[in-house]
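Work through the exercises below with the sequence and the structure open beside you, and try each task before you read its solution.

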Amino acid sequence: MNELPFVEWHEDGAVKRARWRSEAGLPPPPRIVIADDRSNADAAYKLACEGTALLWRGDYQNGRQLLQALARRVDRKPRKPRPEPADQAEAFHRHRQAQGRRARILGMLLLPFDAGHALPLRRAPDVHAACEEVWGEAREPYVASMRELLGLIGAHEWRKKGVELPALGARIHPHYGVFSPVRGEYIDLVAAAPLPSDALAFDIGTGSGVLAALLARRGVRKVVATDQDPRALACARDNLSRLGLTGRVELLQADLFPPGQAPLIVCNPPWLPARPSSPVEAAVYDPDSRMLRGFLSGLGAHLAPAGEGWLILSDFAEHLGLRSRETLLGWIAEAGLEVLARHDAKPRHPKASDADDPLHRARAAEVTSLWRLRLRAPAPPAAPTDRTVS
């Protein structure tokens with residue numbers, strides 16, 4: 001693990017410094033001023049917009065209120081609204097820009113941490129467990145944004161509570177930075193599709209381990225689940241242990257496929273071909289559809305004879321104009337594959353019916369599909385002719 005950089009600021013007539021933590025991978029802010037219970041929200045917002053960070057020294061709960069006040073200012077609609085986007089692709093890029101700006105501004109409210117992840121602030125909660133789950137042991141003081149801390153606390157509570165999945169008949173406990181299976185439609189698709197074999201399956205990019213667990217629960221005798229993210233593998237290991245499936249599922253750190261072939265290979269890649277703004281977004285955004293294209297191009301070499309590859313993919317990117325259906329079908333054909341069948345499901349998440357969402361039109365039209373793929377049968381040899389060549 002790389003050593004954390006330092007961040008510096010002036011306080012009480014002296015230069016202070018501490019380690020800098022950022023899950024988003026942001027560099028230490030170049031300018032930091034002290035803020036406390038007397039700080040004005042408008043002044044704090046102006047500083048944050050200009051790139052000056054505020055190190056909070058007041059009451060912790062008052063700091064949360066300041067963060068909420070900053071969020072209200074960021075989200076305030078401009079007096080002169082921008083023209084409507086020409087298409088959904090432009091709407092998506094505007095949305096991403098707005099999300100990035102919001103994250104940058106709200107990330108400017110910083111908190112001081114003592115060694116052991118202790119917050120030296122009045123009315124501060126005990127955040128040691130939430131921080132240690134993500135960052136490990138803290139032997140030195142450090143500085144991090146309040147917004148990131150709240151994300152860690154929320155993930156800690158999700159991890160304790162878990163996500164109930166009726167198709168699995170159990171709960172999955174997502175870890176911080178690992179995609180949470182809150183969208184149940186893709187789980188239901190995998191639960192209902194006919195298994196080509198119960199001998200062996202590969203789960204590519206297992207994440208929380210939910211699909212590997214589901215396949216094992218459906219009777220697949222051995223599942224090999226891969227992921228290249230150590231956090232995902234730790235999360236999957238935890239969930240498989242809770243479900244009593246460690247003897248049926250083998251976890252392997254790998255980029256895409258494990259060695260060998262299987263009669264069933266399942267993959268639920270990130271659905272949107274865009275660049276993630278932080279490591280946490282890597283489960284949603286896949287630059288240039290790298291994982292999707294890698295899965296399709298390598299599938300044929302790892303499928304056992306008469307085997308199937310299950311690609312679980314939303315068409316949200318198609319409705320946003322980021323990738324066409326023709327492009328997807330072209331990649332399938334170029335890989336020497338053909339579509340055996342496709343099973344569809346409409347999303348049930350709240351955003352699909354939220355008319356105020358800037359991407360509502362695309363979300364309302366979205367369909368999640370399980371594509372059952374197989375190796376394309378070779379063309380029959382040309383029939384002989386009676387023509388004699390003189």
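**Exercise 1.** Which residues of helix 8 are buried, and how do they lie when seen down the axis of the helix?

*Solution.* In this predicted model, begin with the list of residues in helix 8 that are buried, namely Ala 232, Leu 233, Cys 235, Ala 236, Asn 239 and Leu 240. When the helix is viewed down its axis, these buried residues fall within an arc of 160°, so they line one face of helix 8. The general rule behind such a pattern is that an α-helix has 3.6 residues a turn, so residues three or four places apart point the same way. Next, turn to the face that points away from the buried side of helix 8, where you will find the exposed residues Pro 230 and Ser 241. Finally, look for what covers the buried residues: the cover includes strand 8 (170–172), helix 7 (210–217), strand 10 (223–227) and strand 11 (249–253).

**Exercise 2.** Describe the length of helix 8 and what is found at its start and just after it.

*Solution.* Helix 8 runs over residues 230–242, which makes 13 residues, and its span of 18 Å from first to last C-alpha is close to the 18 Å expected at 1.5 Å a residue. At its start, Asp 229 places a side-chain oxygen within 3.0 Å of the backbone nitrogen of Arg 231. Just after the helix comes Gly 244, whose phi is positive, at about 70°.

**Exercise 3.** Is Asp 59 buried or exposed, and which residues does Asp 59 contact?

*Solution.* First locate the residue, which lies in the loop between strand 4 (52–56) and helix 2 (60–75). The relative accessible area of Asp 59 is 5%, and because the cut-off for buried is under 20%, Asp 59 counts as buried. Then follow its side chain, which reaches the backbone nitrogen of Asn 62 at 3.0 Å. If neighbours within four places in sequence are left aside, Asp 59 is in contact with Asp 37, Arg 122 and Arg 123.

**Exercise 4.** Where is Glu 133 found, and which residue is joined to its side chain by a polar contact?

*Solution.* Glu 133 belongs to helix 4 (residues 128–135), and with a relative accessibility of 35% it counts as partly exposed. Not counting residues up to four places away in sequence, Glu 133 touches His 156 and Arg 159. With His 156 there is a polar contact of 3.0 Å between the two side chains.

**Exercise 5.** Starting from strand 9, trace which strands pair with one another, and in which sense.

*Solution.* Strand 9 (residues 201–204) sends Ala 201 and Asp 203 one way and Phe 202 and Ile 204 the other way, and all of these are buried. Four bridges join strand 9 to strand 10 in the parallel sense, with Ile 204 partnered by Thr 226 of strand 10. Strand 9 also pairs in parallel with strand 12 over four bridges, and there the bridge partner of Ile 204 is Cys 267. From strand 12 (residues 262–267), five bridges lead on to strand 13, again parallel, and strand 12, helix 9 (residues 290–302) and strand 13 make a right-handed β-α-β unit. Strand 13 pairs with strand 15 (residues 368–375) in the antiparallel sense over six bridges.

Notes: Residues numbered from 1 in each chain as written. Predicted model: local features only at pLDDT ≥ 70, side-chain atom pairs only at ≥ 80, totals over all residues. Heavy atoms only, no water. Helix = DSSP H or I, 4+ residues; strand = E, 2+ residues; numbered from the N terminus. Expected span 1.5 Å × (residues − 1). Buried < 20%, exposed > 50% of the residue type's maximum accessible area, 1.4 Å probe, protein only. Arc of directions from axis to C-beta. Contact = heavy atoms within 4.5 Å. Polar contact = N/O pair within 3.5 Å; in protein donor to acceptor, adjacent residues only side chain to side chain. Pairing = 2+ DSSP bridges. Right-handed = clockwise from strand over helix to strand, strands pointing away.
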